[in-house]
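I opened this model to look up a few things and jot down what I found. My notes follow, in the order in which I looked.

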Amino acid sequence: MSASDVAAPAAAGNSQLEIPVQRGEPVLEIRGLCVDYGIGDEATHAVVDANLVLRRGEVLGLAGESGSGKSTLAYAATRLLREPGLITGGEVLFHSRPGAPSLPDGGRGANGGRGADKHADKHADKHADKQARPVAESADLLELDEPELQRVRWSEISVVMQSALNALNPVISIGRQIEDVLRAHRPGMGRRMREKRAIELLEMVGITGDRLRSYPHELSGGMRQRAMIAMALALEPQVVIMDEPTTALDVVTQREILEELIRLRDDLGFAALFITHDLSLLIELADEIAVMYAGRLVERAKSAALFRAPRHPYTYGLLNSFPPMHGARTPMIGIAGAPPDLRAVPSGCAFHPRCPHALERCSVDVPQLVPLSPVIPPPRGAPNPGHAPNGDLLNGGLLNGAAGREVACWLHDPATSVKAPEELSRPDPVTAAVPDPGATEGGQTS
Amino acid sequence: MTETLATPASPGTDAPALEARNLTKLFKVRHGLRRPGTVHAVENVSVALARSSVTAVVGESGSGKSTLARMLARIITPTSGELLLEGTQVPLRQRHRQEYAGHVQLVLQDPFASLNPVHSVRYHLSRPLKIHHMADGDMGDAIDGLLRRVALDPPGRFIDKYPHELSGGQRQRVAIARALAVQPDVLLADEPVSMLDVSIRLGVLNLLADLRDKSRLAILYVTHDIASARYLADTIVVMYAGELVESAPSTELTDAPAHPYTQLLLSAAPDPARAAPPSLAGAGAPPSLVSPPSGCRFHPRCPHAMAVCREQRPPTVTVSPGHSAACWLHVSDLRPSQTQAAQTQAAQTQAAQTQAAQTRATQTRPAEPAPGTKPSRHAGPDGPGKPAGPPKED
């Protein structure tokens, strides 16, 4: 294994594969995921029917307030959820990269040891592998048993936790901790090789190699977080889940680390799920954003579309909770009330008690996350009882951005006769440029 | 250096409600067998809080902003400096704190920690009323009045609740109500919204704005969030490594920052409206406060650092009326006695300002007698993407 093999931007690594990996291709699909805390009538529904798709080379932002279930969703999808958390439904499909030898392939558990060995020689066996497995494989992470999970975790899906100080072991040097990852998942790798790789990883995230023997307390908060990122990327995973990775950091450090992440994403082509409560940060960072409220996804859109033309009243309120950095100062109100307790979620749409546009229906029926209907508006002034909100949305001749965005709100239901308010029906800025899932074949190779 | 970074006094008031002059706090530290050291937490900070105004203190963690707030509350005794309440000097020592507390109140960051979980809202609010003899008539009426002032209405719904029964925003409102119980002139709020959910932060900020306007309070708003400071404050002061680096009316500070550190802070702040990704000038981390850099403490990171920056502390220069910055770039003539010279008003945008500053710096460089110094401009030690800075002192 040569150094360039692992350290160099995986653009090089990928190019060695015969089947190119394409940016925008789904790599992790979360379908109908439900998570409860507790059992039976006592259960708190922390995540209800969540559907999300992570795509290669893209950052999916998951925004929400504390207690909205965003971390629970991520932990459930990676099977890291602890008791009393319980996954009650759904599936999490992981589509492995062609040639990656790590997915369990039928002989459940029995070949766990074999597989791990093979895995160890991933790079040595690369050529053999790519001939043996030319197509991508898929597996439902919720169905895997422990040995199988072991092969997917960290190798293919890794996690960066919020508090690096708590996530790192204080009595072991960061170099050792990175080498531990390699030792566990790459048993065939020698000691010198591991050390070399650990130095490469640290340098990749902007820490000099002489820091290898430093202990977590000897590093600044930003450096600790970088070390966490290095560790998460040690095995070149296809998916990286980041749970508030920069929340505890100062803005300058935060910005540096985000720049680093974007660069690494471009180089290595992983898909990232970025969880944060800071929507203003996500808009700059993420390709696509999903907004969560009281355990449900309420809106999903490209970040520019979400920022310029929010469709859900909660998204609009959240956006208006961040004072702008430019322009005249005008009074803002944020959102009235407080986020609900998950033990007593309001009926119907959980947001209705705080919503300024709540309809009668909102307190009764739960709105589902559905694509916005792309209906062409009838001429202005024409009778349009069925499509009133959309008629207004589209009066600039613009589409609703329906292909790329979804919203869970009765205001946008075609059957609702009430017109959506102006601030929730601005023209979508990215209507035309939304790739639909079937069109990725034409996408660029990363 | 000693110039007061004054907030505009409101009409009809001469002295600011609370003024700090050259406050300095040095903490002695000792770590095991290591040599004892001194943490220069706050040095030579002057700030004036006028009635009916909000002054925001912005800075990164470790910049000394909370230490400043605690010194103003007299919880921490300053090493040196003066504290003036309504123009009258108050002793720095801890004595007579109760009387002082009747004028100046502090609200802390975490309402989950600052309220006692075993006591009800009624108890929390009755304590200061009793201790400061504020409730002449009925205690219940006084408490109701306080709850209404912080928009916990109707008071009956909240008065017998315990902290765990309230949301974060409501808890912070109770903490503010408790501070208001003594009818203070000055409210010091140390990161009052950073622990709250995003959607309810504005509610608390608007409450502070309301108290400023209706109760004519002088408010110090300590925060790391420059956008919220811009929203709420009349004046923003920026702290870096224990020193005050810039002070200006809030929109002017964010629209035309004069100090390179303020510029860095603004470029790093999240801003969804930004067209292109920002470029960070001066990446890296704040220095150790045990052995802070000589001269200007920002010079190791500053993209415009000159020889003089490494040797001498920068003077506080008035950039425009009400806007001052502690930076050599704005010194037209390097003799500190003439630093008050008005700067050109032309450079109003950040880019223009930086450019002008560079030009000035280049012109003035030969005048600086700095034998043995290296070329006067150097980049920070860490380019973007390089190590985050020196290891944390522990």
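**Domains of chain A**

I began with the domain assignment of chain A, which gives domain 1 (3-108 + 117-286) and domain 2 (293-424). I kept in mind that this is a predicted model. Next I checked where the two domains touch. I found 18 residues of domain 1 of chain A in contact with 14 residues of domain 2 of chain A. Which elements each supply at least two residues of the domain 1 side? They are β2 (44-55) and α12 of chain A. β2(A) gives the largest share of that side, seven residues. By class, I noted eight nonpolar, nine polar and one charged residues on the domain 1 side.

**A sheet in chain A**

I then traced an open sheet of eight strands in chain A. Its order is β6-β7-β8-β3-β9-β10-β12-β11, and the pairing is mixed. Which strands are at the edges? I found β6 (157-160) and β11 (370-371) of chain A there, each pairing on one side only. I looked at one pair inside the order: β10 (residues 296-302) and β12 (residues 406-407) of chain A run antiparallel, over two bridges. Glu299(A) has Val407(A) in β12(A) as its bridge partner.

Helix α3 (residues 70-77) of chain A touches β3 (59-63), β7 (239-243), β8 (271-276) and β9 (288-293) of chain A. Its direction makes about 150 degrees with that of β8(A). α10(A) touches β6 and β7 of chain A, and its direction makes about 175 degrees with that of β6(A).

**Where the chains meet**

I turned to the contact between the chains. It takes 43 residues from chain A and 39 residues from chain B. On the chain A side, the elements giving two or more residues are α10 (221-232), α11 (251-268), α12 (279-285) and α14 (313-319). Which one gives the largest share? It is α11(A), with eight residues. The chain A side divides into 18 nonpolar, 14 polar and eleven charged residues.

**Chain B overall**

I counted twelve helices and twelve strands in chain B. Buried residues make up 50% of its 394 residues. Among its contacts between residues at least 6 apart in sequence, 67% join residues at least 24 apart.

I followed strand β1 (residues 18-29) of chain B to its partners. It pairs with β4 (residues 80-85) of chain B in the antiparallel sense, over five bridges. Leu18(B) stands opposite Leu85(B) in β4(B). β1(B) also pairs antiparallel with β2 (residues 37-49) of chain B, over nine bridges. There, Lys28(B) has Thr38(B) in β2(B) as its bridge partner.

**Helix α7 of chain B**

Last, I checked the length of helix α7 (residues 198-215) of chain B. At 1.5 Å a residue, its 18 residues should span 26 Å, and its end C-alpha atoms are 26 Å apart, so the two agree. Which of its residues are buried? I listed several, among them Val198(B), Ile200(B), Leu202(B), Val204(B), Leu208(B), Leu211(B) and Arg212(B). What covers the buried residues includes α14 of chain A. From chain B, the cover includes β3 (53-58), α6 (168-180), β7 (186-190), β8 (218-223) and α8 (226-232). Arg216(B) follows α7(B), and its phi is positive, near 55 degrees.

Technical notes. Residues numbered from 1 in each chain as written. Chains lettered and ligands numbered in written order. Predicted model: local features only at pLDDT ≥ 70, side-chain atom pairs only at ≥ 80, totals over all residues. Contact = placed C-beta atoms within 7 Å. Helix = DSSP H or I, 4+ residues; strand = E, 2+ residues; numbered from the N terminus. Nonpolar A, V, L, I, M, F, W, Y, C, P; charged D, E, K, R; others polar. Expected span 1.5 Å × (residues − 1). Buried ≥ 20, exposed ≤ 12 C-beta atoms within 10 Å, placed from the backbone. Pairing = 2+ DSSP bridges. Axes fitted to C-alpha atoms, helices over the stretch in contact; angles between N-to-C directions. Domains from an automatic or database assignment.
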